[in-house]
Amino acid sequence: QVQLVESGGGLVQPGGSLRLSCAASGSFFSINAMGWYRQAPGKQRELVASITGSGSANYADSAKGRFTISRDNAKNTVDLQMNSLKPEDTGVYFCHGEIRRTLSIKATDYWGEGTLVTVSS
């Protein structure tokens with residue numbers, strides 16, 4: 001069974017930094033894109049940043065210049081470094097992976113359970 005487990009959320013003051021980490025575990029053939037999504041209270045889940053297997057990153061406009069996504073293919077991990085945090089960055093952050101269980105099965109979406117980030121003074 002494939003699992004994505006996040007860590008690193010918490011309470012931080014505006015202007016502060018946090019680093020989120022996500023590790024994929026279980027039995028699978030490969031991982032395509034990985035990414036981070038955010039769901040703010042009362043809002044839909046939205047993409048924050050994603051990264052392909054070759055390291056090409058994509059960011060939401062709100063994250064550009066402040067957040068950096070990175071991954072370690074050998075460890076099956078993806079991190080999100082968040083700097084200059086704002087109150088509007090508050091929400092539950094979910095790790096996402098397009099994971100291929102076997103060579104004969106196409107990749108499907110997997111999600112972590114989420115980690116809460118609260119930006120408040």
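**From the fold to D89**

Analyst: In this predicted model, the elements of the protein chain run β-β-β-β-β-β-β-β-β-β-β from the N terminus on. That makes 11 strands and 0 helices. The radius of gyration is 14 Å, close to the 14 Å that the globule rule gives for 121 residues, so the chain is as compact as a globular protein of that length. Along the principal axes, the C-alpha atoms fill a box of roughly 50 × 25 × 25 Å.

Among contacts with a separation of 6 or more, 57% join residues 24 or more positions apart. Of the 121 residues, 39% count as buried. The accessible surface comes to about 6500 Å², and carbon and sulfur atoms hold 47% of that area. As for charge, the chain has 12 positive and 10 negative charges, and their mean positions are 3 Å apart.

The residue in question is D89, which sits in the loop between β8 (77–82) and β9 (91–100). D89 has a relative accessibility of 1%, and because buried means under 20%, D89 counts as buried. Leaving aside residues up to four places away in sequence, D89 touches R38, R66, F67, S84, V117 and V119. One of these neighbours, R66, also makes a polar contact with D89, side chain to side chain, at 2.8 Å. In short, D89 is a loop residue that is buried and has a side-chain polar contact with R66.

Technical notes. Residues numbered from 1 in each chain as written. Predicted model: local features only at pLDDT ≥ 70, side-chain atom pairs only at ≥ 80, totals over all residues. Heavy atoms only, no water. Helix = DSSP H or I, 4+ residues; strand = E, 2+ residues; numbered from the N terminus. Rg over C-alpha atoms; globule rule 2.2 N^0.38 Å. Buried < 20%, exposed > 50% of the residue type's maximum accessible area, 1.4 Å probe, protein only. Contact = heavy atoms within 4.5 Å. Areas by Shrake-Rupley, 256 points an atom, 1.4 Å probe, with all protein chains shown as cover. Lys, Arg positive; Asp, Glu negative; His and termini not counted. Charge placed at Lys NZ, Arg CZ, Asp CG, Glu CD. Polar contact = N/O pair within 3.5 Å; in protein donor to acceptor, adjacent residues only side chain to side chain.
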